[in-house]
Amino acid sequence: MVVTIHGLDKKGSGQAEVWRENELGNPKKLRLIVPQTLPGEKVRVTVDHPEKKRRKAMPDEIMEAHPERTDAPCPHFERCGGCVWQHWTYEGQLKEKTKHVMNAIEAQGFDPALVRDTIGMDEPWQYRNKMEFTFAPDGSMGLHEQGNFRKVISLETCLIASEQMVEAAMEVADWVKEHGLEGYNKDTHEGLLRHLMVRQSFATGELMLAVFSTKGPGGELQSAVDDLKARVEKKFPHVKSFLWMENTDWADRTQAEKIHLLAGRDYINDEMDGYRFRLWFDTFFQTNPVQAQKLVDLAVEMSQPKKTEKMIDLFCGVGTFSLPFASRVGELAGIEIVESSIESAKRNAEDNGITNTYFLAKDARKGIDQVLESFGHPELLMLDPPRSGAGGKVMRRIGRSQPERIVYVSCNPDTFAEDIKELEPFGYTLDAVQPVDLFPHTVHVECVATLTWNK
């Protein structure tokens with residue numbers, strides 16, 4: 001059948017609707033999810049199970065193509081779940097992301113004209129400084145198939161990661177094949193190799209390799225691990241941290257119960273905005289350093305911090321924004337619920353000679369209360385919450401604390417819009433929203449926004 005794509009879902013796939021007759025001859029609406037299609041396209045699809053109300057259908061033929069359709073350069077694009085928009089020109093992707101942000105804030109009653117055009121990348125490839133690859137039960141390594149976390153697509157390349165990261169990952173993949181090692185089976189919870197994390201600092205060039213396994217590197221594995229270590233040391237001198245991680249937990253995450261240091265140190269050094277950061281395997285750090293720098297620059301430019309001011313940085317992490325702001329304000333208090341991140345933030349401040357910061361490991365809402373008691377009233381407050389947003393309780397607590405200006409860095413336009421709506425009853429006005437593309441060829445878009453308190 002031929003369908004017309006009327007829009008995109010939240011995962012970036014095309015959506016279409018058709019009417020079919022059921023077994024009684026009555027009309028029935030069939031909702032189709034058609035990956036790798038664009039709005040307005042006419043597409044020939046095959047529907048295998050029309051009795052289902054919502055069905056995924058791969059396109060058989062593009063009958064009428066969108067004018068911004070282009071050829072995807074990656075050989076794995078049609079199956080790999082790492083990217084969803086390589087078939088769309090980059091200019092088209094940026095326009096769609098701007099539209100997403102505008103729709104999100106308009107749905108909450110804000111003026112969409114406050115949203116600026118999305119800032120893209122000059123070179124929207126090889127931008128990621130961290131990748132997590134998965135091992136299939138047969139030992140092959142790659143990324144998950146689109147919409148199927150049980151299936152791993154074996155990769156020969158990855159166009160969104162740096163060349164050195166891909167080369168190191170492919171060396172590990174070859175090593176697994178040559179030694180006949182098995183991967184982990186998520187259904188039976190049996191097998192050896194689970195994940196490979198590759199991390200690189202674009203500033204220093206340092207690489208981290210971390211192999212996640214159900215067993216330690218000793219015993220029958222020792223000779224194979226020694227071989228991998230020798231390969232890495234010979235071919236990849238930039239690997240300054242080589243780790244073997246034991247993980248027997250059923251959860252499908254890159255976590256470790258025991259860490260074995262095979263070579264180098266257990267962290268790598270990175271830099272952003274002239275500040276040094278230590279990154280461990282589980283440290284959250286912006287994945288696109290080029291665009292992350294733009295986020296920092298925009299946050300500073302749009303909020304206009306002053307040396308006479310106090311500032312609170314909510315969800316501060318390891319201090320990615322805290323350190324650049326600390327050099328521009330009188331005092332800064334950072335709040336983050338993850339204790340290891342707070343310890344890293346303290347260490348990063350010390351490494352950079354920053355002495356006007358105070359970091360607290362606490363839930364955001366309770367942390368604000370504690371900081372206000374000891375720190376006093378902040379003129380400036382910044383927050384960079386997770387994708388789920390800060391939530392109504394935190395936002396209302398921010399509103400009651402009455403900072404003069406708020407800068408909100410978001411990775412989810414929908415929860416961002418819901419959060420800032422909570423500030424309206426407290427007298428806050430949305431000044432501007434600047435989208436920034438940190439993840440080209442995906443649906444994700446970041447925002448920097450400022451709000452002002454009308455005293």
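A residue is called buried when its relative accessible area is under 20%, exposed when over 50%, and partly exposed in between, with a 1.4 Å probe and protein chains only. By that scale Arg231, at 14% relative accessibility, counts as buried.

The model is predicted, so that local features need pLDDT of at least 70 and side-chain atom pairs count only at pLDDT 80 or more, while totals for chains, interfaces and linings use all residues. Residues are numbered from 1 along each chain as its sequence is written, and side-chain values rest on heavy atoms, with hydrogens and water left out.

**Salt bridges**

- The structure holds 24 salt bridges, a salt bridge being a side-chain nitrogen of Lys or Arg within 4 Å of a carboxyl oxygen of Asp or Glu.
- One of them joins Arg231 to Glu171, with the closest N and O atoms 3.2 Å apart; this pair links distant parts of the chain, since Arg231 belongs to helix 3 (residues 222-235) and Glu171 to helix 2 (residues 163-179), 60 residues apart.
- Helices (H or I, at least four residues) and strands (E, at least two) are DSSP runs, numbered from the N terminus.
- Glu171 counts as buried at 10% relative accessibility.
- Arg231 also forms a salt bridge with Glu178, where the closest N and O atoms are 2.3 Å apart; Arg231 lies in helix 3 and Glu178 in helix 2, so this pair ties together parts that are 53 residues apart in sequence.
- Glu178 counts as exposed, at 58% relative accessibility.
- A network of salt bridges links Glu171, Glu178, Asp227, Arg231 and Lys235.
- Lys130 and Glu132 meet through their side chains in another salt bridge, at 3.5 Å from N to O; Lys130 is buried with a relative accessible area of 19%, whereas Glu132 is partly exposed at 34%.

**Aromatic rings and charges over rings**

- The structure holds 6 aromatic pairs, for which rings of Phe, Tyr and Trp (its six-membered ring) must have centres within 6.5 Å, with planes under 30 degrees apart counted as stacked, over 60 as edge-to-face and the rest as tilted.
- Trp85 and Trp88 have ring centres 5.0 Å apart and planes at 75°, so the pair is edge-to-face; Trp85 is buried at 3% relative accessible area, and Trp88 is buried at 4%.
- Trp175 and Trp244 also form an edge-to-face pair, because their ring centres are 6.4 Å apart and their planes stand at 85°.
- Trp175 lies in helix 2 and Trp244 in strand 13 (residues 239-246), so this pair ties together parts that are 69 residues apart in sequence, and both Trp175 and Trp244 are buried.
- Arg194 lies over the face of Tyr184, at 4.1 Å from the ring centre, where a charge sits over a ring if NZ of Lys or CZ of Arg is within 6 Å of the ring centre and within 35 degrees of the ring normal.
- Arg265 has its charged end over the ring of Tyr267, 5.2 Å from the centre.

- An open sheet of 7 strands runs in the order 19-18-17-20-21-23-22 with mixed pairing, two strands being paired if DSSP finds at least two bridges between them.
- Its edge strands, strand 19 (357-361) and strand 22 (428-436), each pair on one side only.
- Strand 22 and strand 23 (residues 446-453) pair in the antiparallel sense over 8 bridges, and Thr429 stands opposite Thr452 in strand 23.
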